[in-house]
Amino acid sequence: MNLERLHILLVCNLGASTGVMVTKMKEIAQSSEKLRQTDVRIEAHPAGELREYVADFDVIMVGPQIKHQLKQLSEIAKEHGKPIQVIDTKDYGTVNGANILKDAIILKLNGEEKGERG
């Protein structure tokens, strides 16, 4: 894998649990040999602010608690050519930052809008 840049935006409702996920994902990225040469940026913002931030990120990951908003969030992402995906509920619930980071990398590499995984 040769990624120069991986900027991930997690969108959520209010951000408390997603903030914990950002911390976990950053820890994993920093300790990863494969991501050592990659410019990694991971932030979480409320879904209502997506238009303000979408242009600065490579992929959009949607918290499962707001997957009912996926259609409208996808429209915003599509306007900016950004792939978007709902975070797996199990990975989110268990704070499995490694799996979510892996999904974000796959989403970036595929470079296409996918919607909800699996």
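## A predicted model: loop, sheet, helices and salt bridges

V95 sits in the loop that runs between α4 (89–93) and α5 (97–110), and the structure in which this loop is described is a predicted model. Although V95 is not a glycine, its phi is positive, at about 50°.

The strands form an open sheet of four members, arranged in the order β2-β1-β3-β4 and paired in parallel. At the edges of this sheet stand β2 (39–46) and β4, each of which pairs on one side only. From one strand to the next, the twist averages 20°. In general, strands of a sheet pair through backbone hydrogen bonds, and the pairing may be parallel or antiparallel. Here β1 and β2 run parallel and are joined by eight bridges, and H7 has R41 in β2 as its bridge partner.

Two helices lie across these strands. Helix α3 lies across β1, β3 and β4, and its direction makes an angle of about 160° with β4. Helix α5 lies across β1, β2, β3 and β4, running at about 140° to β3.

### Position C12

Strand β1, which covers residues 5–12, contains C12. An unreviewed UniProt entry annotates C12 as "modified residue: Phosphocysteine". Is C12 buried or exposed in the model? At a relative accessibility of 1%, C12 counts as buried, because this value is under the 20% limit that defines a buried residue. When neighbours within four places in sequence are left aside, the residues in contact with C12 are T18, H45, P46, A47, Q65 and I66.

Helix α3 spans residues 70–79, and its buried residues are L70, L73, S74, I76 and A77. They lie on the same side of α3, because the arc that they cover around the axis is only 160°. The elements against which these buried residues pack are β1, α2 (50–53), β3 (59–62) and β4 (84–86). On the face of α3 turned away from the buried side are the exposed residues K71, K78 and E79. After α3 comes G81, a residue whose phi is positive, near 65°.

### Salt bridges

| Salt bridge | Closest N and O atoms |
|---|---|
| D58 and R5 | 3.0 Å |
| E33 and R36 | 3.0 Å |
| D58 and K108 | 3.3 Å |

The salt bridge between D58 and R5 ties together parts that are 53 residues apart in sequence, because D58 lies in the loop between α2 and β3 whereas R5 belongs to strand β1. D58 is buried, with a relative accessible area of 12%, while R5, at 31% relative accessibility, counts as partly exposed.

D58 also forms a salt bridge with K108. This pair again links distant parts of the chain, since D58 is in the loop between α2 and β3 and K108 is in helix α5, 50 residues apart. K108 counts as partly exposed, at 24% relative accessibility. Through salt bridges that share partners, R5, D58 and K108 are joined into one network.

The salt bridge between E33 and R36 involves an exposed residue, E33, whose relative accessible area is 60%.

How values were computed
Residues are numbered from 1 along each chain as its sequence is written. This is a predicted model: local features need pLDDT of at least 70, side-chain atom pairs count only at pLDDT 80 or more; totals for chains, interfaces and linings use all residues. Side-chain values use heavy atoms; hydrogens and water are left out. UniProt positions are given in the numbering used here, feature names are shortened, and annotations may be inferred rather than shown by experiment. Buried means under 20% relative accessible area, exposed over 50%, partly exposed in between (1.4 Å probe, protein chains only). Contact means heavy atoms within 4.5 Å. The arc is that of the directions from the helix axis to the C-beta atoms. A salt bridge is a side-chain nitrogen of Lys or Arg within 4 Å of a carboxyl oxygen of Asp or Glu. Two strands pair if DSSP finds at least two bridges between them. Axes are lines fitted to C-alpha atoms, for helices over the stretch in contact, and angles run from 0 to 180 degrees between N-to-C directions.
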